[in-house]
Amino acid sequence: MVDPIDPVVLADDSVIAGLDYWRELPIKQQPAWPDADAVGHASAQIASFPPLVFAGEVDILRERLARAASGDAFLLQGGDCAETFAGATADQIRNRVKTILQMAVVLTYGASMPVIKMGRMAGQFAKPRSSDTETRGDVTLPAYRGDIVNGYDFTPESRRADPARLVEGYHTAASTLNLIRAFTQGGFADLREVHSWNKGFASNPANHRYEQLARDIDKAIRFMEAAGADFDELKRVEFYTGHEGLLMDYERPMTRIDSRTGTPYNTSAHFLWIGERTRDLDGAHVDFLSRVRNPIGVKLGPSTTPETMQKLIDKLDPNREPGRLTFITRMGAGKIRDALPPLLEAIKASEANPLWVTDPMHGNGITTPNGYKTRRFDDVVDEVKGFFEAHREAGTHPGGIHVELTGDDVTECLGGSEQLDEAALATRYESLCDPRLNHMQSLELAFLVAEELAK
């Protein structure tokens, strides 16, 4: 594919000025860089590097998300809470992609509609934190803000914000994306192969309830083969990337001007979202992302009012463009049935048509007595069910799911068919930030969501 983004092509001066207007606004969740010149040098380097994604791909994703918003597709987004440089190995990337593909096959059958596949990958290196510092004993150091900023080890050297990590983040994202493209275009994503992995999962006695669904999918695939379906076409899949647009010293230099239209695209990912902590209407993040052509997501917590939601729509999607805006609800299992319906009713009375996606992870965090941050699988499932119930009641479309997951057999979330308990958390707890569903729990969630979609 020819890259339509040419760094030599200049946009209108007002467009360029607009992309830097965020510098005049209040901004949250940025590191305290010790050397401003080094940050500027790193950002200039990144601005000279090739784009990671192309404007044409971004446009196709916007069209796909528009279909999901209108009820004709479903979005599956999954991946790490925070990617690490050390975790960007071939095996770990493959396992994450494999898990998302497996989930997508099940959801496609359950929904009887296309599933848009998107990884929280190739850029999810920065994390917002509730405090700028962390204290252990009598030592206080800067908080870990993700590998693109500083290190996790609790030492002054590790926790010092290092601008060289911005450049390393770009190169790590590039190599991750390169492998994702190879896996999804080179036969690894063959529908028949992916389904065979799911048959193994469903044949496990712990997952007995899903055997019938797996047999139904198997029957459908055999029918397609008998009918002469073009399985060469089914060996490749569209796979998009997304991450939180948080670290402005990375996102601004990755924003380029499309030579076809003279408009800005953030080429660090196909899809960017604004977090609950940075969605201030008068803040830097909302202003900056309002100016790029990418589809934009916004996390909505349980305190979101219809008035705030409407102002976000007016700022981020003033033209009411199909596929432009996604609302990602993260309300908690105990709150979603009360907090979501007023927002859905308000949307029905407006001209907007955002895509509604559930994030059943972030509102359900707990800490065990022995100090592990975790989530209960039952709470995750209950929030998903509450999301579907609210949409069924309102007559709106539940358009997707956004999940923190890994393709590895970690022990970070309680419950699931493996019945992980608090004692098991120490077995293989690897996340540096929030707990993720492991491979088995992710597939179990996909089968449960498929049952909801089938309703």
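I began with the term pocket, which on a 1 Å grid over the protein atoms alone is an open set of points where a 1.4 Å probe fits, with protein on both sides within 12 Å along at least five of seven lines, and whose lining residues have an atom within 4 Å of a point. A volume is the space filled by probe spheres set on the points, which are joined across faces, edges and corners.

I noted that this is a predicted model, in which local features need pLDDT of at least 70 and side-chain atom pairs count only at pLDDT 80 or more, while totals for chains, interfaces and linings use all residues. Residues are numbered from 1 along each chain as its sequence is written, and side-chain values use heavy atoms, with hydrogens and water left out.

**Pockets**

I looked up the largest pocket and found about 850 Å³ of space in it. Its lining has 36 residues, and Pro 128, Arg 129, Arg 277, Lys 373 and Asp 434 lie nearest the centre. I then turned to the second largest pocket, which has a volume of about 650 Å³; 26 residues line it, with Thr 108, Pro 114, Val 115, Lys 117 and Leu 234 closest to its centre.

**Arg 252**

I checked Arg 252 next and found it buried (under 20% relative accessible area, with a 1.4 Å probe and protein chains only), its own value being 14%. Its side chain is joined to that of Asp 20 by a polar contact of 3.0 Å, a term for a pair of N or O atoms within 3.5 Å, where within protein one must be able to donate a hydrogen and the other to accept it, and residues adjacent in sequence count only if both atoms are side-chain atoms.

Conventions. Buried < 20%, exposed > 50% of the residue type's maximum accessible area, 1.4 Å probe, protein only.
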